[in-house]
Amino acid sequence: MLSVPSRSGFTLAVEKLLLGFLPAAVLVVLVAARYLVGRHLGFDYRPVWEASRHVFLGESLYPPPHAAALHDEQQFVYPPIAAVLAAPLAIFPFGVAAALFAVVELVATVLTLGVLGVRDWRCYGVVFLWFPVLQNFLIGSITSLLALGLAVLWRYRNEPRVSTPVAAIVVAAKVFLWPMLFWLAATRRAFVALFALSLALAGIALAWAVTGFGGLTSYPRLLDELSRLEAWKSYSAVALGLVLGLSTGEARALAIVAGTAVLVALVLVGRRSTQEPEAERQAFIFAIAAAFLFSPIVWTHYFALLVVPIALTRRTLSPLWFVPLAMWATTGQSDGQAWRVVLGLVVWSVVLAGALRLPSPVPTPRDRVAQPIAFLSAFGR
């Protein structure tokens, strides 16, 4: 059941207005605006919907691996299992399927918070004001579903029958989350990590078999070409390197070095998880950080994943919940502009760094009285 700490009448009224009414109003306005300008819902979902229909026909899901085929960002580039999993919605016309998928995204965000034990309704309100979460809903990317997968993976980490298939699905659907397997191994769940990797590879192979393995040999080149064309206008470590004047190869090397350093930290911290309960949570956050660093492309909707590390340590409203609101200053892509790239990196870096440590407990009224009394009594001895 959702709750909120006791507040004054005026404060509660303001919170209900800004965190209760405003998120719903903003969502309705954004949806209406898209339809008014003829853009509708599901820009990112359309390639998935089309690929799912190709699955039924046994056709290749992928375009040729060259720039001309990737010019309008409307090509399917996910692993094939994403198209297979989304196939049930492909029986509907695109407009209906996109609307249904948008609802699924909303529900997934709510479930993510619920699975992680967030009961403060104000946190839900703030999250639905994040531009990355709203964009995820509008364009139909799968990031909210990935966030739910990470939440389930964390909550059921000690139940292999749940964590193994969930980890496999998350990694198979979005390969850049592979550091989660390192987290499983580092926290003494090597068998689960190995089995999840095997399931992910088997699922991808089976999905490719359904389409006659079309595009299999050219898929690595497709991803490399996609990275070359789009990394510069995202919010990744590679984009930062390019802004700093590095070549593409040097920028990628910078990201790999940074990601490797975080992976090392993950392993070192994860090994302490049996003695220090907090180490397990910190290693999980390091895994998310490594995923961001290793990915050559970090789009705005990737920031919807940040709900997971925040919810792990802040189950009631705190300043960290408001940090992703800064992405309203740079909606959409960074377009290679230095201030946008830096802002994006600062946002996800601050959230992940802030989530590494638990907030200091707020003293109760009794504690506030006891502290000065204890201080004064020391002089009376």
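This is a predicted model: local features need pLDDT of at least 70, side-chain atom pairs count only at pLDDT 80 or more; totals for chains, interfaces and linings use all residues.
Figure 1. What about Trp-208, buried or exposed? With a relative accessible area of 6%, Trp-208 is buried too. In general, a pair of aromatic rings is described by the distance of the centres and the angle of the planes. A search of the whole structure turns up 19 aromatic pairs. Take Tyr-62 and Trp-208: their ring centres sit 5.7 Å apart and their planes meet at 40°, so this pair is called tilted. Tyr-62 belongs to the loop between α2 (45-57) and α3 (80-85), while Trp-208 belongs to helix α10, so the pair ties together parts that are 146 residues apart in sequence.

**Figure 2. A cluster of rings.** Here we stay with Tyr-62 and Trp-208, which are part of a cluster linked by ring pairs. Which other residues join them? Phe-76, Tyr-78 and Tyr-219 do.

**Figure 3. A stacked pair, Phe-176 and Tyr-302.** Phe-176 is buried, and Tyr-302 is buried as well. Their rings form an aromatic pair that is stacked, at 5.0 Å centre to centre and with 20° between the planes. You'll find Phe-176 in the loop between α8 and α9, and Tyr-302 in the loop between α14 and α15 (307-313). The pair links distant parts of the chain, 126 residues apart.

**Figure 4. Helix α9, mostly covered.** How many of the eight residues of α9 (residues 179-186) are buried? Six of them are, so to speak, under cover: Pro-179, Met-180, Leu-181, Trp-183, Leu-184 and Ala-186. These buried residues pack against quite a list of helices: α7, α8 (160-173), α10 (190-210), α13 (248-270) and α14 (277-294). Just past the end of α9, have a look at Arg-188, which takes a positive phi of about 65°.

**Figure 5. Helices α4 and α7 side by side.** Helix α4 (residues 94-115) packs on helix α7 (residues 143-155) at an angle of about 25°, and their axes are 8 Å apart. Angles under 35 degrees count as roughly parallel, which is why α4 and α7 get that label. The crossing of α4 past α7 is left-handed. On the α4 side, the contact includes Phe-101, Val-104, Ala-108 and Leu-111. On the α7 side, Leu-145, Leu-148, Ala-151 and Val-152 are among the residues taking part. Sorted by class, the contact of α4 with α7 has ten nonpolar, four polar and two charged residues.

**Figure 6. The meeting of α7 and α14.** Helix α7 also packs with α14, at an angle of about 155° and with the axes 12 Å apart. Over 145 degrees counts as roughly antiparallel, so that is the name for α7 and α14. Their crossing is right-handed. From α7 come Leu-150, Leu-153 and Trp-154, and from α14 come Glu-280, Arg-281, Phe-284 and Ile-288. Five residues of this contact are nonpolar, two are charged and none is polar.

Figure 7. Helix α1 (residues 9-36) and helix α6 (residues 131-139) pack at about 40°, with 11 Å between their axes. These two helices are therefore oblique to each other. The crossing of α1 and α6 is right-handed. Val-26, Leu-27, Leu-30, Val-31 and Arg-34 of α1 meet Leu-134, Phe-137, Leu-138 and Ile-139 of α6. By class, that makes eight nonpolar residues, one charged and no polar.

**Figure 8. Arg-157 and its surroundings.** Arg-157 sits in the loop between α7 and α8. Its relative accessible area is 19%, and buried means under 20%, so Arg-157 counts as buried. What does Arg-157 touch, not counting residues up to four places away in sequence? The answer is Ser-163, Trp-183, Arg-189 and Glu-280. Glu-73 is another story: Arg-157 and Glu-73 are 36 Å apart in space, C-alpha to C-alpha, and 84 residues apart in sequence.

**Figure 9. Lys-233 in a loop.** Look for Lys-233 in the loop between α11 (219-230) and α12 (237-243). Lys-233 has 14% relative accessibility, so this residue counts as buried. Leaving aside neighbours within four places in sequence, Lys-233 is in contact with Glu-73, Trp-299, Gln-333, Ser-334, Asp-335 and Gly-336.

Terms used:
Residues are numbered from 1 along each chain as its sequence is written. Side-chain values use heavy atoms; hydrogens and water are left out. Axes are lines fitted to C-alpha atoms, for helices over the stretch in contact, and angles run from 0 to 180 degrees between N-to-C directions. Helices (H or I, at least four residues) and strands (E, at least two) are DSSP runs, numbered from the N terminus. Angles under 35 degrees count as roughly parallel, over 145 as roughly antiparallel, 65 to 115 as roughly perpendicular and the rest as oblique. A crossing is left-handed if the near helix is turned anticlockwise from the far one by less than a right angle, and right-handed if clockwise. Contact means heavy atoms within 4.5 Å. Ala, Val, Leu, Ile, Met, Phe, Trp, Tyr, Cys and Pro count as nonpolar, Asp, Glu, Lys and Arg as charged, and the others, Gly among them, as polar. Buried means under 20% relative accessible area, exposed over 50%, partly exposed in between (1.4 Å probe, protein chains only). Rings of Phe, Tyr and Trp (its six-membered ring) pair if their centres lie within 6.5 Å; planes under 30 degrees apart count as stacked, over 60 as edge-to-face and the rest as tilted.
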